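Dear colleague,

I am passing this structure on to you, and below it you will find my notes on what was found in it. Please read them with the model open beside you.

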Amino acid sequence: MTDAIDVLAYCLMPNHFHLIIRVKEDIEVPVDDKDPIPSRDRILSPQEITAHIPNQFRKMFISYTQAINKQEHKEGPLMHSKFKRLEITQQEYLEYAIFYVHYNPEKHGIVKDFRVYSYSSYKAILSESPTKINRSLVVEIFQGKENFVDFHNGWHTEKEAIVLE
């Protein structure tokens, strides 16, 4: 799945998480043994990838839940809320969404300053250490690291969410 997406931002909270991804343009994927032409890779369109991703996340959540339940000798769901997704089509809203994901631990009173929170991508974007975040794309979205920092230091009126699926 990581070949089909770019991870732009994340934040892991005690009872939920936020993840911003970008679906890549046409990608090649290895065919499975059920494909009628097994000798070729198949090109998936953005629409096919977008339709495929929620199912991949569902599988990941199920596997994660099973592993934690086995470790903790429990049963049942770990998360109370369902998986929600939001398509972001506007540059301004994408910038705000990345900020919102990073700001979330401060908003919920977990830390006094979101910039020091260990379980978000904020510090990874600013560092030079290896990361799975597409740092260069995020920096490009904000037109530079300085603008990224300035945007995160500014005051933002909370925006209403666009329709969630």
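Is Glu128 buried or exposed? Glu128 counts as exposed, at 66% relative accessibility, where buried means under 20% relative accessible area, exposed over 50%, and partly exposed in between, with a 1.4 Å probe and protein chains only.

Before the rest, a word on the basis. This is a predicted model, in which local features need pLDDT of at least 70 and side-chain atom pairs count only at pLDDT 80 or more, while totals for chains, interfaces and linings use all residues. Residues are numbered from 1 along each chain as its sequence is written, and side-chain values use heavy atoms, with hydrogens and water left out.

**Overall layout**

The chain has five helices and four strands, and its order along the sequence is β-β-β-β-α-α-α-α-α; helices (H or I, at least four residues) and strands (E, at least two) are DSSP runs, numbered from the N terminus. Of the 165 residues in the chain, 30% are buried. The chain exposes about 11,600 Å², and carbon and sulfur atoms supply 52% of that area, as computed by the Shrake-Rupley method with a 1.4 Å probe, where for residues only the protein chains shown count as cover. Taking the contacts (heavy atoms within 4.5 Å) with a separation of 6 or more, residues 24 or more positions apart account for 50% of them.

**The nonpolar core**

The largest nonpolar core has 29 residues, such a core being a set of buried Ala, Val, Leu, Ile, Met, Phe, Trp, Tyr and Cys residues joined through side-chain atoms within 4.5 Å. At least two residues of this core come from each of β1 (5–12), α1 (46–72), α2 (91–107), α3 (122–126), α4 (135–141) and α5 (145–153), and the largest share, seven residues, is supplied by α2. The residues with the most contacts inside the core are Leu8, Ile20, Ile98, Val138, Ile141, Phe142 and Phe148. If residues up to four places away in sequence are not counted, Ile20 touches Asp6, Val7, Leu8, Ala9, Leu94, Ala97, Ile98 and Val101.

**Salt bridges**

The count of salt bridges comes to three, where a salt bridge is a side-chain nitrogen of Lys or Arg within 4 Å of a carboxyl oxygen of Asp or Glu.

One of them joins Asp6 to Arg22, with the closest N and O atoms 2.4 Å apart. This pair links distant parts of the chain, since Asp6 lies in strand β1 and Arg22 in strand β2 (residues 17–23), 16 residues apart. Asp6 counts as buried at 8% relative accessibility, whereas Arg22 is partly exposed, with a relative accessible area of 35%.

Another joins Glu128 to Lys145, with the closest N and O atoms 2.7 Å apart. Here too the pair links distant parts of the chain, with Glu128 in the loop between α3 and α4 and Lys145 in helix α5, 17 residues apart. Lys145 is partly exposed, with a relative accessible area of 26%.

There is also a salt bridge between the side chains of Asp113 and Arg115, at 2.5 Å from N to O. Asp113 is found in the loop between α2 and α3 and is partly exposed, with a relative accessible area of 28%; Arg115 is likewise partly exposed, at 26%. In sequence Asp113 and Tyr103 are 10 residues apart, and in space they are 8.3 Å apart, C-alpha to C-alpha.

**Two further residues**

His18 is placed in strand β2 and counts as buried, at 19% relative accessibility. Its side chain makes a polar contact with the side chain of His16 at 3.2 Å; a polar contact is a pair of N or O atoms within 3.5 Å, and within protein one must be able to donate a hydrogen and the other to accept it, while residues adjacent in sequence count only if both atoms are side-chain atoms. Not counting residues up to four places away in sequence, His18 touches Ala9, Tyr10, Cys11, Tyr100, Val101 and Asn104.

Asn69 has its place in helix α1 and counts as buried, at 11% relative accessibility. Leaving aside neighbours within four places in sequence, Asn69 is in contact with Lys74, Glu75, Gly76 and Leu78.

With kind regards
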